[in-house]
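Thanks for coming, everyone. Let me walk you through one structure today. Please have a look at it first.

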Amino acid sequence: MTVNCFLPYEATESVSLTVESLRVLESVKNIYLISTEDGVMVPEGCQLINTVHLWSSATIKQIGERSDADFSLIYTKQEYLELGLFAVERFIGIAKDTQAGMLYADHYKLKTGRRQNHPVIDYQAGSLRDDFDFGSVLFYEAKALRLAAKEMLPDLRFGGLYDLRLRVSRTKAIEHINEYLYTEVEKDVRASGEKQFDYVDPKNRRVQLEMEQICTDHLKCIGGYLPPAFKTIDFEEGSFPVEATVIIPVRNRVRTICDAIDSVLKQITPFDFNIIIIDNHSSDGTTAKIDAYTDKRVIRLTPVRQDLGIGGCWNMGVMDKRCGKFVVQLDSDDVYADCDSLNKMVYAFYKQKCAMVVGTYRMTNFKMETIAPGIIDHKEWTPENGRNNALRINGLGAPRAFYTPMLRQILLPNTSYGEDYALGLRFSREYQIGRVYDVVYLCRRWDDNSDALLGIEKINKNNTYKDKTRTWELKARIAISK
């Protein structure tokens, strides 16, 4: 069986080495080099695909037209690709055995001269992120690729590969090979905490709008799209001791907990509020810092249980009889931006008639100095399509606030990662999500952040959980639409 190979082209030694490694393989039928430059001279034995935008729908259509072998291998980088021994044969063998439409594999990354393991995660129905990590080698059954390419959305400039993958997934499986089949060179050596906000960087706004269009089209095709129609909210349900409660789960944040508490106590509001701090068995002096406050609005709870994550601590605070009508999030190492942040969040409930509100935050360092990418406003959350696009993105923004009676019905999963995202998906299935676009929150990045410097195993575990929550939510939405 034969393979056609497609890879981006620049006249560099790295690309030449990759081409040479592919040319010696008996299974390789043709090598196509993709270039956005005119008048390019390609190496002997290769053919040129000329395009305006590298991974546009026009490029994918050209790849589809040239996919006349049994399989198509798309390599997405221009750095040197070192295939493992008989790696292509392994791709072919598993493709034949599984009848998958697309395959991808664990691999090695060469970072600053060091080869490191880079396992990836299994694909599932909820793996809707456009930045899902497949690695740089995408192996397609040629027939599935050709059919999907013919049906692609027209005029995509950035999302051709994303649209291709989603279309193939509708009729064929996407198979993860848990074997290290190649080595790719990695030039982006930033920490995980720096990379995670790339998608909300304002300079990527046009890309994100296109990715939203692709995902929304996919959801409509599979029955997972929800139109902008929402249940109404009655804010007169029950009685509460205060209008609003700020909930702060904390464990061992002696350096930051006072900053968080002080930022709440400085709030100026026309209503009463309190703070419920769930001190999850701190052992570094955090408890003493909290107990030093004499203000009766500061309430500390200590779980009897030893198995609570952040979500479990939230549930404990929400179910406390002193909890207010609305609950507003504050992480133990962050602060509210101004003295009117709480008022703006609560006011949004009444003005926008919603069950949940998401604010806008600014990224800062530990000293609260602004760092890139600056303001995170999540403007992709629109009233018309926000809850559909939420299945594509990996976060919903901060701070988050909830109407307490609704939150007491739904509750949070007892995890310490993704619990807020899972809750936002569940709320948005039925209720409108309100937005505050003023900066009301400062999100501090520092060494002790939970996602500041993660290894690949932890990143994969986190992403698997979020993909799973998307899968559950997608199943629920498909059931609604039937």
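I'll go from the overall build to the core, then to a helix pair, then to one residue.

First, a caution. This is a predicted model.

Now the overall build. The protein has 15 helices and 18 strands. Its C-alpha atoms fill a box of roughly 80 × 50 × 40 Å along the principal axes. How does the radius of gyration fit with a compact globule? For 482 residues, such a globule would have a value near 23 Å. The protein has 25 Å, so the two agree. Of the 482 residues, 54% count as buried. What about contacts along the sequence? Take contacts between residues at least 6 apart in sequence. Of these, 79% join residues at least 24 apart.

Next, the core. The largest nonpolar core has 102 residues. Which residues have the most contacts inside it? They are Ile 63, Ile 74, Leu 407 and Phe 427. Let's stay with Ile 74. Leaving out residues up to four places away in sequence, Ile 74 touches Phe 6, Trp 55, Ile 63, Ser 136, Val 137, Leu 138, Tyr 140, Leu 145, Leu 161 and Leu 164. Another core lies apart from the largest one. This other core has 30 residues, among them Ile 31, Val 88, Leu 103 and Phe 139.

On to the helix pair. Two packed helices are described by the angle and the distance between their axes. Here the pair is H14, residues 419-430, and H15, residues 456-481. Their axes come within 10 Å and cross at roughly 10°. An angle under 35 degrees counts as roughly parallel. H14 and H15 are therefore roughly parallel to each other. Who meets whom? On the H14 side we have Tyr 421, Ala 422, Leu 425, Arg 426, Ser 428 and Arg 429. On the H15 side, the residues include Tyr 465, Lys 466, Glu 473 and Ile 480. What kinds of residues make up this contact of H14 with H15? Six are nonpolar, two polar and six charged.

Last, one residue. Leu 301 sits in strand S12, residues 298-301. Is Leu 301 buried or exposed? Its relative accessibility is 9%. The cut-off for buried is under 20%, so Leu 301 counts as buried. Beyond four places in sequence, Leu 301 touches Ile 276, Ile 277, Ile 278, Asp 279, Met 316, Gly 317, Asp 320 and Arg 322. Asp 448 is 147 residues from Leu 301 in sequence. In space, the two are 23 Å apart, C-alpha to C-alpha.

Methods. Residues are numbered from 1 along each chain as its sequence is written. This is a predicted model: local features need pLDDT of at least 70, side-chain atom pairs count only at pLDDT 80 or more; totals for chains, interfaces and linings use all residues. Side-chain values use heavy atoms; hydrogens and water are left out. A nonpolar core is a set of buried Ala, Val, Leu, Ile, Met, Phe, Trp, Tyr and Cys residues joined through side-chain atoms within 4.5 Å. Buried means under 20% relative accessible area, exposed over 50%, partly exposed in between (1.4 Å probe, protein chains only). Contact means heavy atoms within 4.5 Å. Axes are lines fitted to C-alpha atoms, for helices over the stretch in contact, and angles run from 0 to 180 degrees between N-to-C directions. Helices (H or I, at least four residues) and strands (E, at least two) are DSSP runs, numbered from the N terminus. Angles under 35 degrees count as roughly parallel, over 145 as roughly antiparallel, 65 to 115 as roughly perpendicular and the rest as oblique. Ala, Val, Leu, Ile, Met, Phe, Trp, Tyr, Cys and Pro count as nonpolar, Asp, Glu, Lys and Arg as charged, and the others, Gly among them, as polar. The radius of gyration is taken over C-alpha atoms; the globule rule is 2.2 Å times the number of residues to the power 0.38.
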